[in-house]
Amino acid sequence: QVQLVESGGGFVQAGGSLRLSCAASGSIFRMYHMAWYCQAPGKQRELVATIMDSGRTNYADSVKGRFTISRDNAKNTVYLQMNSLKPEDTAVYYCNAKALTSGLRTADYWGQGTQVTVSS
């Protein structure tokens, strides 16, 4: 089993920055893609950014140029640096990862979410 624990959310004024972290633990044999999703009240969960094990990244159009996803493979940790935050970025941010466990089982895992609130 794999556990994902997010941290770094909080309250910030528009134009400010936050850095989210997500640490994976458990019986991990290999970590494939890692990603951040967000879900605003009354809306569906949507993809913010992904990073493959190769380091290749992909971003939602709404965050390009403002957010940066990165990962530390030695620590099985993924980060999301969020700059120039806007009120519309307010949401619960979820970490997602696809992992191969030591039991040779591949599955998607989710964190519990961390709240990001941006005031105008």
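Thr101 is buried (under 20% relative accessible area, where exposed means over 50% and partly exposed in between, with a 1.4 Å probe and protein chains only), as its relative accessible area is 5%. The structure is a predicted model, in which local features need pLDDT of at least 70, side-chain atom pairs count only at pLDDT 80 or more, and totals for chains, interfaces and linings use all residues. Residues are numbered from 1 along each chain as its sequence is written, and side-chain values use heavy atoms, with hydrogens and water left out.

Thr101 lies in strand S9; strands (E, at least two residues) and helices (H or I, at least four) are DSSP runs numbered from the N terminus. Beyond its neighbours within four places in sequence, Thr101 is in contact (heavy atoms within 4.5 Å) with Val2, Ser27, Ile28, Phe29 and Tyr109. Tyr109 belongs to the covered face of strand S10 (residues 106-110), together with Ala107. The uncovered face of S10 consists of Thr106, Asp108 and Trp110. In a regular strand, side chains alternate between the two faces of the sheet.

Strands S9 and S10 run antiparallel and are joined by five bridges; two strands pair if DSSP finds at least two bridges between them. Within this pairing, Thr106 of S10 is the bridge partner of Leu100. The two strands form a hairpin with four residues between them, and Leu104 in the turn has a positive phi of about 60 degrees.

The structure holds one disulfide, which joins Cys22 to Cys95 with an S to S distance of 2.1 Å.

Strand S3 is part of an open sheet of four strands in the order S1-S3-S8-S7, with antiparallel pairing. The edge strands, S1 (2-7) and S7 (67-72), each pair on one side only. Six bridges connect S1 with S3, and Leu4 has Ala24 of S3 as its bridge partner.

Notes
A disulfide is a pair of cysteine sulfur atoms within 2.5 Å.
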